[in-house]
Structures are given as structure tokens and as C-alpha cells.
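Hi everyone, thanks for coming. Let's have a look at this model together, and please have the sequence open beside it.

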Amino acid sequence: MQIVFRVDSSANLGSGHFMRCLTLAKAFHHLTQCAIHFVAKEILTHHESLLANNEFMLSKLPVGQPATSDAQCTIATFGIQLGPIIVVVDHYQLDQSWEIQVRAQCNHLLVIDDLADRIHDCDSLLDQTYLRRKNDYRHLVSPEANLLLGCDYSLLRREFIELREQAVKKRQSKDGVHEILICFGSTDPINATSQTLDAVLPICIAHQIKINIVLSSSAPHLLELKQRVADLPLCTLHIDSTAVAKLMLDADLAIGANGTLSWERCCLGLPAITADIAANQIFVGKALAQSGAIIHLGLVDNGFAARLKQTVEQLLQANSACLPKMVNQAFALVDGEGARKVVQHILQSRVTLRPATLEDTELLFAWQSNPEIRKYSRNPKPVEFNEHVRWLRNTLANSQRALFIIEDSWTKSGVGMLRLDHISELELEISILVAPEQQGAGYADAAIHAIDASFKRKTIHAYLDPSNLKSSKLFARAGFKAIHVDHFVRFPDLRGD
């Protein structure tokens with residue numbers, strides 16, 4: 001399986017689209033070990049380096065071609081020999097006409113959007129904007145399209161999730177503002193950072209508050225900012241930083257733009273004063289301000305520095321009351337698991353479970369007699385065909401056992417087996433296998449989640465060979481807890497009861 005990302009980045013476009021695609025690419029690769037391929041007309045130099053570091057492929061398209069040619073050039077990059085193709089497009093200039101062409105040549109097209117202002121032809125649409133509702137897209141996508149909307153699907157890098165627990169403890173124990181993080185996106189094309197320094201430098205000097213500024217080497221005003229902070233001991237300029245999550249953890253207040261940064265700050269409970277440097281950020285800023293997670297100052301205009309100075313002074317005077325509320329609201333909005341949820345959604349759309357029949361006898365026998373699968377079975381001895389036939393007949397006649405074939409709905413082929421045994425009215429035992437040649441494509445993850453519609457309110461047990469590390473990781477990803485080295489349990493989801 002291969003995942004193709006069509007996305008651009010530049011000093012004018014910024015990094016947000018690319019970075020959220022890279023985050024999703026890493027989640028796909030982590031869960032499925034699939035091939036990752038980026039396609040771009042424009043891409044920042046340090047973004048090329050990030051792709052190379054992750055061993056992701058990059059194809060560059062000719063600059064200046066129309067959308068129709070863009071679609072055909074994108075299709076030409078598909079590696080047909082790599083199996084099913086998922087395309088992810090995150091681009092304001094590519095619309096329905098591009099999507100129609102590409103969707104006809106792939107198995108699943110995911111559009112990432114946050115404007116809700118144009119018609120799409122896609123299988124799934126992701127908009128991670130807070131308060132985004134299905135009605136916003138009702139007339140923009142077909143009724144069959146799956147909508148992944150809201151902060152639950154925020155695309156955040158693993159480091160934010162890993163630091164979240166530490167952030168919770170830190171925010172609970174630390175009072176006041178000792179460190180401020182300034183970031184208006186990686187390139188800050190309108191130089192909002194300078195206006196921010198105009199507003200906050202005197203305050204930070206008076207209160208001995210440290211300032212960290214994050215920019216990329218492609219920022220058009222980088223030289224000016226370097227010169228400005230060179231002799232300011234309280235200010236540190238971080239260029240092409242790979243430690244933004246740690247900087248957010250250390251900060252007590254952020255000042256910056258609305259966009260991908262919004263969800264990163266929320267995941268780590270970082271209070272923020274924000275302003276809009278692009279039209280697509282206005283809705284996000286207003287919505288987050290409504291939630292109480294941020295203070296929104298509107299557009300960066302001639303009066304921005306004065307508004308910001310007044311707001312920071314008020315926060316420092318009333319931090320004991322205001323900042324903790326912002327922290328709690330931010331934590332409540334984003335849990336950091338959005339990328340995993342998006343991957344699971346797409347994998348589930350690929351997988352179906354159908355009840356096994358006697359017609360599956362030979363298929364099941366081929367899997368169950370395979371040495372690679374057999375060595376992890378409770379009974380690793382080879383299976384005789386007649387013994388297998390008796391087992392299958394008894395299984396199909398057993399009302400306390402459900403046997404399913406895991407099917408790839410894109411290729412219409414069987415790829416594995418899932419079995420559920422009733423232990424009691426409220427408990428089940430799960431067994432799962434995927435054909436050796438199909439392993440690593442995410443089928444097992446998707447199959448486990450496919451049973452949720454019917455069995456999420458049951459306690460489900462899984463018994464594993466302790467040496468089968470792949471299965472241990474599989475069930476851990478699916479929300480099972482290890483209660484013994486060979487016994488994993490997933491407890492019922494009672495939300496909504």
C-alpha cells in the first residue's frame with residue numbers, strides 16, 4: 001500500500017499544510033509500514049530534508065502548470081506495483097476538477113481543508129477546526145463522503161502526545177508567567193514577530209520574563225530579527241527547531257497565529273494570545289476564543305501592538321484567575337490522538353468483516369497451516385486437513401463463536417481471519433490472524449476496530465504468545481491493557497450510557 005501526499009510549502013504559503021501532512025504520513029507509516037510519497041510544486045529546503053530524514057519519497061512537479069496538468073502529473077507519480085493507493089491532498093488551489101481526475105485513479109482520496117468554501121469530490125474530508133459541523137460541508141461533498149471534523153482529528157506530531165502528561169503536571173504546579181513563546185508560523189511573512197516584540201519587550205524586561213522565538217531559515221524577515229535580538233539576553237531565536245514541543249512545554253504563555261499551532265498549544269495546555277495573519281485563521285481564532293482557551297486579538301494591523309501590550313499587562317496582573325482557566329480549556333479540546341484516529345478511519349473503510357462459510361475451508365487451512373502463523377498458536381503442531389474441516393464445521397455450528405473473514409474491500413480479497421468466543425454475556429475472547437504476505441498493511445488494526453459497532457460495550461480478552469511482539473503492539477494500539485505478559489484486556493466503552 002502507498003500513501004501519496006499532494007502538498008506545497010514556501011515562504012508565502014508557510015509550513016502548516018506540509019507539517020500536518022508529514023504528521024499524518026508518520027502515523028500511516030507507524031501503523032502500516034506503507035510506502036510514503038510526497039508530490040509538490042514548491043517545497044522549502046528544510047522540508048525536503050525532513051522527508052529525506054524519514055526516508056519518504058519526493059516528486060517535484062513543474063511550477064506554473066494548470067490544475068488539470070497538475071492532476072495528471074500527480075497520477076504519473078503513482079507506484080502501481082506498490083498496491084492500493086491512498087491520496088491525501090492539502091491545497092487551497094486544487095479543487096473538485098483536480099480531485100475528480102485523481103480519485104478515479106486511486107482507492108481512497110482524503111481532502112484536508114479548513115475553509116469549507118468549495119466543492120470537493122472525495123471519499124473522506126478532514127477539517128480539524130474547533131466547532132466545525134457537518135452542516136458546513138453538507139452542500140460541498142457527496143452524501144457518501146465521510147466527514148472527520150473537529151479537534152478530535154487534530155494532526156499532531158508524536159512529541160506533543162509524549163509530553164502531554166508532563167505538561168499536565170507542570171501546569172498544575174507552576175504559577176505566573178516566566179517564559180513566553182512567540183511563533184507566527186515558520187515563515188511569518190508579515191513580520192508579526194517584530195510587532196510582538198515592540199509590545200512585550202519592555203514588559204518582559206521589567207518582569208525578567210524569557211522570550212523564545214521560533215522561525216524557519218526561509219522566513220523573509222529572519223535577518224532583521226536576528227539583528228534585533230542579538231544583544232537581548234532575555235531573547236532566544238530558534239531557527240528550524242526540532243524541539244517546538246519542548247519549547248511549548250517550557251513556556252507559560254504563547255503569542256502567535258491561529259492554525260496548526262493552535263492544536264499543538266492546546267494539547268500541551270499552553271495559554272495563548274493569538275492574532276490572524278491569514279484569512280483562513282479567523283474562524284479558528286474566534287472559535288477558540290469562544291471556548292476560553294485563548295485570547296484572540298483579531299488581525300495583525302496597525303493597532304495590534306497596542307492591543308497586545310494591554311492584554312499582556314492585564315494577564316500578568318490577573319494571572320491567578322485567568323491563566324488556569326485557559327489551561328483547563330486548552331487541555332479539554334485536544335488529546336493529541338487525531339492522526340491515529342484518521343489513519344484508523346481510512347483503514348476501517350478498506351476492511352470489511354464477513355461471516356466465514358464452508359467455502360472458505362481451503363483459504364483458512366492455507367493460513368492456519370502456515371509455519372509463520374502456526375508458531376504463535378496455542379497449539380503450534382501442524383494441522384491435518386481433515387482435522388481442520390471438522391474444526392470449521394464445529395465452529396460454524398457453535399452459537400457461542402463468531403468467525404469472520406477479513407476482506408480488503410478495495411481488492412475484494414480475503415486477507416485474514418478474526419474469531420470471537422463468548423466467555424459470558426459481557427465478555428469475549430478475540431483471536432486474529434493476517435496472511436503473512438499481507439502483514440504490515442494495517443489489516444489487523446482495522447479489523448479489531450471494525451468490531452466496535454457491535455462489541456464496544458463488551459470486555460474483550462486476548463491471549464498471546466509473549467514472544468509475539470507484533471501482536472502485543474497491535475493490541476496495545478487498539479486500546480488493550482496488558483494485565484499479564486500473555487493476557488491483554490480491553491474494557492468496555494461506556495461513554496453515552
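Which residue in strand 4 is the bridge partner of Phe5? It is Val88.

Before going on, a word on the source: this is a predicted model, where local features need pLDDT of at least 70, side-chain atom pairs count only at pLDDT 80 or more, and totals for chains, interfaces and linings use all residues. Residues are numbered from 1 along each chain as its sequence is written, and side-chain values use heavy atoms, leaving out hydrogens and water.

When I say helix (H or I, at least four residues) or strand (E, at least two), I mean DSSP runs numbered from the N terminus. Strands pair if DSSP finds at least two bridges between them. Strand 1 (residues 2-6) runs parallel to strand 4, joined by five bridges. Strand 5 (residues 108-112) also pairs with strand 4 in the parallel sense, over four bridges, and there Val89 stands opposite Val111.

Now, why is strand 4 largely enclosed by the rest of the structure? Because five of the five residues in strand 4 (residues 85-89) are buried, meaning under 20% relative accessible area with a 1.4 Å probe, protein chains only. Ile85, Val87 and Val89 point one way, Ile86 and Val88 the other. In a regular strand the side chains alternate between the two faces of the sheet.

Finally, meet Phe28. Leaving aside neighbours within four places in sequence, Phe28 is in contact (heavy atoms within 4.5 Å) with residues including Ile3, Phe5 and Ile86.

Terms used: Buried < 20%, exposed > 50% of the residue type's maximum accessible area, 1.4 Å probe, protein only.
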